[in-house]
Amino acid sequence: MRRSTLAALCLTATAALSLTACGPGGPGEGAGNDKPKAPFADLSGPQIVNKAMKATRAASSLTVKGHAPDGEGGQIALDVALDRKGECTGSMGMSGQGRVDLVRTGPTLYLKSDEAFLRAQSKGESKAATDAVVKMLAGRWMKSKADSPDSKEMTDFCDLDTMLADFKSNDTVARKGKETTVDGTPAFTLTESDGKDDYTIYVATEGKPYVLKLVTKSAKDPSSLTFSGYDQPVHATAPADKDVVDLDKMGG
């Protein structure tokens, strides 16, 4: 078994969602000559998945929202819009560890953490030091250069080219499913299973065949991510200077 390129999107986003790939072609299509009366009737499951990968990889912007594994046994909640210019805005919430709002616009990254997140990140520090950090930074925007070493993880997260770099055509055994909708948008489902976890991809049937949703049913690492706002402007607006703490000037 190896993970398909669908995993790359969520792995880059610090998640571990995957649609398994077990070799070329695969079953998944019913016997007989009758074509299903459904979108993509002339395409196999693997062909539809790869068509969706190609369309999604070419998008100029998108919004990703939902939850996925954080790689450490918890879940991360995402609601982020990003584009190929590096513009990015949204939020991330960690399981029991607070929330971070983020904005990247131009060469600057802004982060705003709540108290729970700051305390979680200060684990191992003294109570006095942690209290001081919380008092100074909780609920305030922190500003730094997007290309600084300390900002790299968030900067990469905000870059659509990086996120979709491995979102490529792939051998897969996806089975064709049924017509449905995702937030009102007509979609078609494709499914796979590795015997332990079940994976479903929802592909748009109107306009470009973008990926609209990815779902993993798993006892250990469940996930559900929706994708919208394709090719729409990302309105990343810098916070007012009065609300910002400049970490670079502080040496932080």
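In which strand is Lys-213 found? Lys-213 lies in strand β12, which covers residues 211-217. The structure discussed in this report is a predicted model.

The relative accessible area of Lys-213 is 23%. When neighbours within four places in sequence are set aside, Lys-213 is in contact with Val-182, Thr-200, Ile-201, Tyr-202, Ser-224, Leu-225, Thr-226 and Phe-227.

**The disulfide**

A search of the whole structure finds one disulfide. This bond joins Cys-88 to Cys-158, with an S to S distance of 2.3 Å. The pair links distant parts of the chain, since the two cysteines are 70 residues apart. Cys-88 belongs to strand β5 (residues 88-94), whereas Cys-158 sits in the loop between α5 (152-157) and α6 (160-163). Both Cys-88 and Cys-158 are buried. The torsion about the S-S bond is about -55°, and the disulfide is therefore left-handed.

**Pairing of strand β8**

Strand β8 (residues 141-145) pairs with strand β7 (residues 108-113). These two strands run antiparallel and are joined by five bridges. Within this pairing, Leu-109 has Ser-144 of β8 as its bridge partner. Strand β8 also pairs with strand β14 (residues 244-246), here in the parallel sense and over three bridges. In that pairing, Trp-141 stands opposite Val-244 of β14.

**Two residues with positive phi**

Most residues other than glycine have a negative phi. Two aspartates are described here for their positive values: Asp-183, with a phi of about 50°, and Asp-231, with a phi near 60°. Asp-183 is found in the loop between β9 (175-182) and β10 (185-193). Asp-231 is placed in the loop between β13 (223-228) and β14.

| Residue | Relative accessible area | Class |
|---|---|---|
| Asp-183 | 71% | exposed |
| Asp-231 | 33% | partly exposed |

Why is Asp-183 classed as exposed? The limit for this class is a relative accessible area over 50%, and Asp-183 is exposed because its value is 71%. Asp-231, with a value of 33%, is partly exposed.

Key. Residues numbered from 1 in each chain as written. Predicted model: local features only at pLDDT ≥ 70, side-chain atom pairs only at ≥ 80, totals over all residues. Heavy atoms only, no water. Disulfide = S-S within 2.5 Å. Helix = DSSP H or I, 4+ residues; strand = E, 2+ residues; numbered from the N terminus. Buried < 20%, exposed > 50% of the residue type's maximum accessible area, 1.4 Å probe, protein only. Contact = heavy atoms within 4.5 Å. Pairing = 2+ DSSP bridges.
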